[in-house]
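Notes follow in the order I checked them.

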Amino acid sequence: SYWLLHYKSDFVNHIFPLQTPGHYIHGPKAAIHVLQNFNKELIYDIFAREFDKLCGDNKMDKNNMGIIYCSIDKDTMVLQTDIADGILQYMNIKPTQLRTTYSMEWPTVIVLQSLADHLTETIMNFMSDEGDVYCFPDSGNLYLAMSRARVKCTVIMYPMEGLILDDFHHMNDLLDKLEDSVHIRRYPLTPPTYTPRSINEPRLVSDYFKEKFR
């Protein structure tokens with residue numbers, strides 16, 4: 001399972017294998033676009049640019065590309081539907097939910113990854129009697145999604161609506177450690193689309209989940 005729970009451990013070492021001296025990874029670097037907050041229009045524009053870039057040299061079969069979304073929250077589902085009905089309208093490509101892709105791979109993959117483990121960790125800590133719980137589904141999802149690409153992977157990563165990237169300390173730490181191996185482009189906070197959401201008590205977290213996953 002990619003829902004990993006650890007108590008005070010180094011999560012990166014549990015998710016990404018270390019590269020030993022003399023071991024070189026060939027091929028183009030993966031790219032991760034990291035948004036500070038959810039912005040549907042910006043995500044759509046980044047997807048359109050990356051899709052055109054991957055297909056622009058006419059060497060890539062436009063119908064042999066994986067489009068993966070990691071979460072079924074309402075915002076991501078609306079986003080992937082808009083992409084399917086717009087950019088992919090005349091393509092033989094349908095966005096695929098990550099959990100159904102374990103045995104799949106494509107030459108190139110574009111990933112829509114909404115971050116949620118801050119919420120999951122908050123819930124687990126409310127329920128736990130054993131101290132702080134560290135929960136890393138986002139890191140596992142990133143690893144699984146990137147491994148679906150044989151040649152090139154592009155990830156568009158964004159917090160769920162109402163949250164900001166700084167809420168996701170584990171992913172921030174992971175991105176820092178990946179800087180030398182992956183092209184990472186960071187985007188600033190984009191008001192006025194960001195309205196902060198408080199999730200500092202169980203009822204608020206529960207209400208948020210009901211809103212986003214109903």
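**Cysteines.** I searched the whole structure for disulfides and found zero; a disulfide here is a pair of cysteine sulfur atoms within 2.5 Å. Cysteine 70 is in none, and its nearest cysteine sulfur, in cysteine 153, lies 9.2 Å away. I then checked burial, where buried means under 20% relative accessible area, exposed means over 50%, and partly exposed is in between (1.4 Å probe, protein chains only). Cysteine 70 counts as buried at 13% relative accessibility. Cysteine 153 is buried too, at 4%.

**What kind of model.** This is a predicted model: local features need pLDDT of at least 70, side-chain atom pairs count only at pLDDT 80 or more, and totals for chains, interfaces and linings use all residues. Residues are numbered from 1 along each chain as its sequence is written, and side-chain values use heavy atoms, with hydrogens and water left out.

**Confidence.** I noted pLDDT, the predictor's confidence in each residue, from 0 to 100. The chain has a mean of 79, and 71% of its residues reach 70 or more. Elements here are DSSP runs numbered from the N terminus: helices (H or I, at least four residues) and strands (E, at least two). Strand β1 (residues 5-6) has the lowest confidence, a mean of 42, while strand β2 (residues 31-35) has the highest, at 97. Residues 1-9 fall below 50, and this stretch has 29 contacts in the model beyond near neighbours in sequence; contact means heavy atoms within 4.5 Å. Residues 131-135 also stay under 50, with 24 contacts beyond four places in sequence. A reminder to myself: where pLDDT is low, the predicted coordinates should not be read in detail.

**Aromatic pairs.** I found two in the whole structure. Rings of Phe, Tyr and Trp (its six-membered ring) pair if their centres lie within 6.5 Å; planes under 30 degrees apart count as stacked, over 60 as edge-to-face and the rest as tilted. Phenylalanine 47 and phenylalanine 51 make a stacked pair, 6.2 Å centre to centre with 10° between the planes. They sit four residues apart in helix α2 (residues 40-55), so about one helical turn separates them.

**Sheet.** In what order do the six strands of the open sheet run? I read β4-β3-β5-β7-β2-β8, with parallel pairing; two strands pair if DSSP finds at least two bridges between them. Strands β5 (residues 106-115) and β7 (residues 149-159) are joined by nine bridges. There, valine 111 stands opposite valine 155 in β7.

**Strand β2.** I found five of its five residues buried, so β2 is largely enclosed by the rest of the structure. Ala31, His33 and Leu35 point one way, Ile32 and Val34 the other. Four bridges link β2 to β7, where isoleucine 32 has valine 155 as its bridge partner. Five bridges link β2 to β8, with alanine 31 opposite histidine 183.

**Helix over the sheet.** Helix α6 (residues 169-178) lies across β2, β5, β7 and β8, at about 135° to β8. Axes are lines fitted to C-alpha atoms, for helices over the stretch in contact, and angles run from 0 to 180 degrees between N-to-C directions.
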